[in-house]
Amino acid sequence: MIEISQRLEELEWIARPRLLALRRLGIETVEDLLTHFPRRHEDRHQFPEFPREESNVPICLCGEVVKTSLRRFGGWKKIFEATLQESKANALSQPLVCRWFNLHYVQKMIATGQRLVVFGRPRLRGTRICMDHPEFEVIEDDGEISIHFRRITPIYPATEGLSQRVLRSTIYRVLQGLDDEPFETLLPNELHTGDRATAIRTIHFPEDWESLGVAREHLVLSEFFAMQMLIASRRIESRVRIGVAHCGGGDLLEKFLRALPFELTDAQKRVIDEIRHDLAANHPMNRLLQGDVGSGKTVVAISAILLAIEAGFQAAFMAPTQILAEQHYAVLRRWLEPLGARLSIRTAARQEDNAPLPLFESAHENPGSARVSRAGDGVPRLRTSSATNQNDLPQIIIGTHALLYDTVSFSNLGLAVIDEQHKFGVAQRARLTSREPAPDVLVMTATPIPRTLTMTVYGDLDVSMIDEMPHNRGKIVTAVRDESKLAEVLGFLRIQLESGRQLYVVYPLIEESEKLDVKAASAEYEVWRERLHPFRCELLHGRIAAPEKQEIMDRFRAGETRILVSTTVIEVGVDVPNATVMLIENAERFGLAQLHQLRGRIGRGVHKSYCILLASDRSKETAMKLAVLEKTSNGFEVAEADWDLRGPGDLLGTAQSGLPALKIGNLKADAQLMRRARRAAMSIFAADPRLELSENQRFRRLVVQEQGRTFSNVS
Ligand code: ADP
Ligand code: MG
C-alpha cells in the first residue's frame with residue numbers, strides 16, 4: 001500500500017536518476033507527485049485524419065515516420081524534418097512534415113519506422129502541410145500501451161530530463177498502489193462536487209471529458225478555497241486584534257478642505273468617509289485605496305492623516321522613491337503648516353525636521369522626559385516620550401520605506417499611509433501591521449488591479465475605490481508613432497514648447513544600477529539637447545545623488561528647465577501640471593501598466609496633454625499592445641488588457657503576494673470559482689472567527705498547512 005505522505009525514494013521501483021529529475025521539479029513525496037497536475041489532455045481514442053489545410057487550433061495526430069532529414073541553413077543552423085504518414089493512408093492523404101529548428105536532441109529521438117503522436121498547429125508551407133516544433137511522443141510497443149493510448153491521455157508541464165511517458169507511467173503506477181481513502185476532502189459542503197481522491201484519480205486518467213471537468217473544478221475549488229481561508233484568516237487576525245480608535249473630531253480636516261483650491265470629487269468624499277469610519281473603529285484599519293493616476297489620492301491620504309493627528313497620534317506617510325517622498329513633503333508642508341501641523345522627513349539620504357528632533361527612539365526606552373543620548377553609532381539622539389513631549393514631536397513623518405527598517409520606532413504611531421503599494425511587498429506591509437499597538441494602515445495604489453487579483457493578492461484588505469477623475473482635467477491624447485516619424489514628432493514638440501508647455505522624454509532603462517545604462521542615458525540626453533535647442537534640458541536618472549536629483553526636479557517644477565530626459569524614476573507620483581507632453585522612446589520595451597503609469601505624469605493641469613509612444617519595432621504584438629493605450633485612458637481597462645496579454649505572472653508578483661503558487665487554478669479563467677471559494681471562506685470565518693466549532697477543526701488544520709506553504713515560498 002502506498003500512502004500519500006510517503007517519500008518517493010521509499011518506492012523502490014523508481015530509478016534513482018528519475019528520483020533526481022523529479023526532485024528538480026520539487027516533487028519529493030507521493031502527494032507532490034499526484035498534485036503535479038496535467039496541463040492538458042489529448043484524446044487518443046481515435047486520431048483525426050491528417051489535415052489538408054492549415055489551422056489555428058493545435059491538433060493531435062498519429063502517424064508513422066517514413067523519412068527524416070537534416071538540413072543546414074544560414075551557416076550553423078539546422079532544421080530537422082520528420083515526414084509522417086497516416087496509418088490508414090489512402091491516395092488522397094497527404095503526409096505531414098514536422099520540423100524542428102536547432103534542437104539536436106529531437107533528431108536523436110526520432111527515427112524512420114517509429115510511430116509518433118504529435119501536437120501542434122498545421123501550416124501550409126508551399127505545397128506541404130507542416131508542423132513547426134510540435135510536441136511529440138514516440139509510441140513504443142510495450143506492455144504499457146494502455147496507459148498512454150486508447151484513452152484521454154494526460155500531458156504534463158515541461159519536465160526536464162523526464163519524458164512524458166515516464167512521468168505518466170510513474171503516476172499511473174502510484175495511483176494503482178494507492179491506499180483507498182488517502183485524501184481528505186477539505187471543502188465545505190456547499191462547494192462539494194465529489195471527493196478529492198476521485199478528483200485526483202480522474203484528473204490524471206479521466207474516463208471521459210465530462211468527469212474530467214468535474215474533477216478539475218473540484219481541485220480548483222479546493223486550491224482556491226485553501227487560499228481564501230489563508231487570506232480570510234489574515235484578515236480576521238487584524239479584525240480581532242484590539243486596536244485604538246485614531247479619529248479626531250474633524251475640525252482640522254474641515255479647515256484643510258476649506259482651504260483647498262478645489263472641490264473634492266464625490267468619489268474622494270465617499271472614500272474619506274470610509275476611512276473615517278475605520279479610523280474611528282477600535283480594530284486596526286487595513287485598507288487598500290485604489291485610484292487611477294491623477295485621481296487625487298494624496299488629498300485623501302492627507303485627510304486621513306489630519307483625522308489621526310487631531311486625535312493626538314503620529315502619522316507616517318511612505319513613498320517608494322526619494323523624489324516622491326520629497327514631493328509629498330513639499331506639498332504637505334505647504335498645505336499643513338499653515339494649520340499648525342509639525343512635519344518631518346526621513347529618507348535614506350536625509351533626515352530633517354522642521355522641529356529639529358529625531359523622532360525615533362528605541363522601543364525599550366522608559367517613558368520619561370527628553371534627554372540626549374548616544375546610540376550605538378555615536379550619533380546623539382534626543383529621546384522623547386509622547387507623554388511629556390507632545391509639543392515637540394513631529395506629528396507627520398514623511399519618508400521612503402527607510403521608515404520601515406533601521407529598528408526605528410515611532411513613539412505614538414496611529415496611522416501609516418503607504419503610497420504606491422505595488423512597489424512594496426506583503427512582508428514590508430506586515431512590518432507595519434504587526435506593530436504593537438497596531439496602527440491603522442492605508443495602502444494606496446495607482447496600478448489598478450483586475451478584480452480577481454483584488455480578491456487574492458489584496459484579499460486581506462478592505463478596498464476603497466476612487467473611480468472618478470477631478471473635473472478640471474485636460475484630456476490626454478495618446479499616439480503611437482514609428483521611429484521613422486521622428487522628424488514630424490520633433491516639429492510637434494517644438495510647437496508645444498514654444499507655447500509654454502514642458503516635456504518629459506522617457507528613456508527605457510530597466511536596470512538602472514548598470515554603469516553602461518547611465519552612459520547610454522547621458523548620450524541620449526546630449527542628442528535631445530541638440531534636437532530641442534535652445535530649450536533648456538536636464539537629465540534625471542536613478543544614479544544621480546539624491547540632493548542633486550531634488551534640485552533637478554525643483555528646476556523642472558519651477559519651469560526653469562523645459563525638458564526632462566529621464567529614466568522611469570519619474571514613473572510614480574511626480575506632479576508637474578505644466579508638463580503636458582511625454583515622449584516615450586522604445587515604448588515596446590515597457591509593460592502596459594507601466595506605460596499607463598508613466599502617462600499619468602501628464603494630463604494633470606488644464607492644458608490638453610499628449611503622450612507619444614515611439615516604437616522601434618514593427619511587430620504585430622507591439623502594435624496590439626500599444627494600441628490599447630491609444631484606445632483607452634482608463635487604468636482598469638489597461639490593467640485587464642495587460643493581464644490578457646501577459647498572463648498573471650508579472651502582475652501578481654508571486655514573491656510579493658505572499659501567497660502559495662497555484663498548481664491548477666487559473667486566476668483569470670477560473671475567476672467565477674474564486675468568487676465562490678471566497679464567499680465560502682468568508683462565511684465560515686464570519687460564523688466562527690477563531691475556528692472553534694468542531695466541524696471547523698479540519699479547516700483550522702488547512703489554514704496552518706497553507707501558512708506553512710507560504711513561508712516556504714517567500715524568502
Ligand atoms: P494620484 O492619485 O495620482 O496620487 P494626486 O493626489 O497627486 O494624484 O493628485 C493629482 C493632482 O490633482 C494634484 O495636483 C492634486 O492637487 C489635484 N487634485 C486632487 N483632487 C482634486 C480635485 N477634486 N479637483 C481638482 N484637482 C484635484
Ligand atoms: Mg500619488
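Predicted model: local features only at pLDDT ≥ 70, side-chain atom pairs only at ≥ 80, totals over all residues.
How many residues surround ligand 1, and which are the closest?

View 1. Ligand 1 is surrounded by 19 residues (a residue is near a molecule if one of its heavy atoms lies within 4 Å of it), and the closest are Gly-294, Lys-297, Thr-298, Arg-473 and Asp-575. Six residues of this shell are nonpolar, seven polar and six charged, with Gly counted as polar and Asp, Glu, Lys and Arg as charged. Helix α10 (residues 297–310) gives the largest share, three residues; helices (H or I, at least four residues) and strands (E, at least two) are DSSP runs, numbered from the N terminus.

**View 2. Polar contacts of ligand 1.** A polar contact is a pair of N or O atoms within 3.5 Å. A polar backbone atom of Gly-294 is 2.6 Å from an oxygen atom of ligand 1, and one of Gly-296 is 3.1 Å from an oxygen atom of the ligand. In the side chain of Thr-298, an N or O atom is 2.6 Å from a ligand 1 oxygen. The protein covers 90% of the 570 Å² of accessible area that ligand 1 has on its own (Shrake-Rupley method, 1.4 Å probe).

**View 3. The salt bridge between Glu-135 and Arg-39.** The closest N and O atoms of this pair are 3.1 Å apart. Glu-135 is in strand β8 (residues 135–139) and Arg-39 in the loop between α2 (30–34) and β1 (40–43), so the pair, 96 residues apart, links distant parts of the chain. The model has 29 salt bridges, each a side-chain nitrogen of Lys or Arg within 4 Å of a carboxyl oxygen of Asp or Glu.

**View 4. Backbone geometry in two loops.** Most residues other than glycine have a negative phi, and most peptide bonds are trans. Asn-102, in the loop between β4 (96–101) and α3 (104–109), has a positive phi of about 55°. The peptide bond from His-533 to Pro-534 is cis, with omega near 5°; Pro-534 is in the loop between α16 (515–531) and β22 (537–540).

Residues are numbered from 1 along each chain as its sequence is written, while chains are lettered from A and ligands numbered from 1 in the order in which they are written. Local features need pLDDT of at least 70 and side-chain atom pairs pLDDT 80 or more, whereas totals for chains, interfaces and linings use all residues, and side-chain values use heavy atoms, without hydrogens and water.

Note on methods:
Polar contact = N/O pair within 3.5 Å; in protein donor to acceptor, adjacent residues only side chain to side chain.
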